[in-house]
2 protein chains.
Amino acid sequence: MAVYTDITEDDLSRFLAAYDAGTLLSYKGIAEGVENSNFLLHTTKGALILTLYEKRVDPNDLPFFLGLMHHLAERGLSCPLPLPRSDGALLGELSGRPAAVISFLEGMWLRKPAAKHCREVGRALAEMHLAGEGFAITRPNALSVGGWRPLWEKSAARADEVEQGLEDEIAGELAALETGWPKALPTGVIHADLFPDNVFFIGDELSGLIDFYFACNDLLAYDVAICLNAWCFEKDGSFNLTKGMALLAGYESVRPLSDAEAAALPLLSRGAALRFFLTRLYDWLMTPPGALVVKKDPLEYLRKSRFHRQVRNPAEYGLSR
Amino acid sequence: MAVYTDITEDDLSRFLAAYDAGTLLSYKGIAEGVENSNFLLHTTKGALILTLYEKRVDPNDLPFFLGLMHHLAERGLSCPLPLPRSDGALLGELSGRPAAVISFLEGMWLRKPAAKHCREVGRALAEMHLAGEGFAITRPNALSVGGWRPLWEKSAARADEVEQGLEDEIAGELAALETGWPKALPTGVIHADLFPDNVFFIGDELSGLIDFYFACNDLLAYDVAICLNAWCFEKDGSFNLTKGMALLAGYESVRPLSDAEAAALPLLSRGAALRFFLTRLYDWLMTPPGALVVKKDPLEYLRKSRFHRQVRNPAEYGLSR
């Protein structure tokens, strides 16, 4: 659930005067985004999203995030488009916070996606990877392989509270990934958090991608591995091969994976599972009881990590070769 | 802040099929309403509000609330209009809760209303009082004079925690109001909670009234007294006579107060101040620390109660005679 910074109609109207956004008719704080305060605006020119960036977002990253959305939207990807101010800037300030006005994307995220939706997600991810080419700003991925050990060291001593033997198991897995992590695969801008709640559909049609606030430069195939983790497992922990096939076929219909990328998929998927396991484990152990954050179960990603460890061939994800 | 019941796109689309509401394009949980979950919907036919009634609302009251909005809107008052289902009902069920679809009212509530806005509020309140005539269902006011003693008895023993001497002061005030409360004034449907956050404006134009979930049958002039309390005091506790004059003149431009109503205004205003003092005191004393509710300071209404007690003449509120 979002933090809400209340804003007055006067302040907002004055802020909007710097945009070609029409006259303000209404604004509502919406329950979306964990890191920021978001408002849905109606103006005489239509619907917009106003985002106030709260403390958890580094202001130095905002030119990357907003510039990227602008870059992707200009290249035809369906994603929210930041509106420029009359001075050309994509970022302003409201209620003492960095703030941006972004086009409103119609659509809904799917609580129960099917294989046909996974195909659309794969296709959109590949389109994003191509559209990201030529974007001038770079942002390293703080949550890739180099970031996992410092994160793990904050939780390791208490890991066995979650499951007996976990400290040894994760230490081994982390060492194996650090040793084997591929270095020569194609890189580019990745979304890095393309979970179902960040992909909008109207009916069965994908209407767009949102929430680029984890986007960064990294291995493109690592983004595919994140999506395999996020979209292709069932609630009972089983891997749905039909969904895997659909997601990978959708991706390859736009951007075929190289042989090296395909071969790395099991390892990259282990890495993606560990990355979400580690952040969830940290939140699980460190969040005080009664806090406003919904704690997600780290064991979901431990189970996925174990699944990936026994995969020997990318065909087991549904990759056709 | 609202409680959020999450709903799936499938369930919502199926629920909406019973309405002439177009095709669903998006829905967002919004941070409005303390008692209910509210969603802002976009459909091919425009914007709508979906309300899920949570536990704090008595389902037996819903036909009154929804029927009243329908009655008022049909008589030309600008307020949200519940959409009928294909079977004519105003109420359905979604995610195990009573649910209604209501027209979306553009506009914003004013964080800093001025006298000109108070005039519009007075006018709209009187229009609501006239438009309410002929509404067939009745709902007694559980928070009028008869309800104050049971409420007070839950907090009285701890009142001195808030301010020394408060138990005696409020006991005396409550007894005085019970003895002197007028019985022969005109009655009708009152809003009973017309605070600034329930009145929408676009620019300086009042665009409508919302949140009829405290509406009930009671003395019409008591509703005026509630508005004097809600709109005409400054942050420092002082009464703004210019705002009082504007609010009362706005009201009387549509529905002039009788001499008896005018004479009762100081007592009714004391009653309204006590009513909000008592609910706030109760919440203040009973809400566990760390709960999700914003506790409003009961002392604000204690100060208003003391102000009203020294008023001798309705002219002191700005009533012209």
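Predicted model: local features only at pLDDT ≥ 70, side-chain atom pairs only at ≥ 80, totals over all residues.
**View 1. The contact between chain B and chain A.** With contact taken as heavy atoms within 4.5 Å, 27 residues of chain B and 27 residues of chain A take part. The area buried between the two chains, that is, the accessible area (1.4 Å probe) that two parts lose on being put together, summed over both, is about 2600 Å², and carbon and sulfur atoms give 64% of it. On the side of chain B, K28(B), M108(B) and R111(B) supply 25% of the area buried against chain A, more than any other three residues.

**View 2. A charged pair across the contact.** Two salt bridges are counted between chain B and chain A, and D6(B) forms a salt bridge with R111(A), where the closest N and O atoms are 2.9 Å apart. The side of chain B that touches chain A divides into 16 nonpolar, five polar and six charged residues, where Ala, Val, Leu, Ile, Met, Phe, Trp, Tyr, Cys and Pro count as nonpolar, Asp, Glu, Lys and Arg as charged, and the others, Gly among them, as polar.

**View 3. A salt bridge within chain A.** The side chains of R309(A) and E169(A) meet in a salt bridge with an N to O distance of 2.9 Å. Because R309(A) lies in helix α9 (residues 299–309) of chain A and E169(A) in helix α5 (residues 166–180) of chain A, the pair ties together parts that are 140 residues apart in sequence; helices here are DSSP runs (H or I, at least four residues), numbered from the N terminus.

**View 4. The surroundings of L267(A).** L267(A) has its place in helix α8 (residues 259–286) of chain A, and, leaving aside its neighbours within four places in sequence, L267(A) is in contact with L177(A), G180(A), W181(A) and P182(A). The C-alpha atoms of L267(A) and H308(A), which are 41 residues apart along the chain, are separated by 7.6 Å.

Conventions. Residues numbered from 1 in each chain as written. Chains lettered and ligands numbered in written order. Heavy atoms only, no water. Salt bridge = Lys/Arg side-chain N within 4 Å of Asp/Glu carboxyl O. Helix = DSSP H or I, 4+ residues; strand = E, 2+ residues; numbered from the N terminus.
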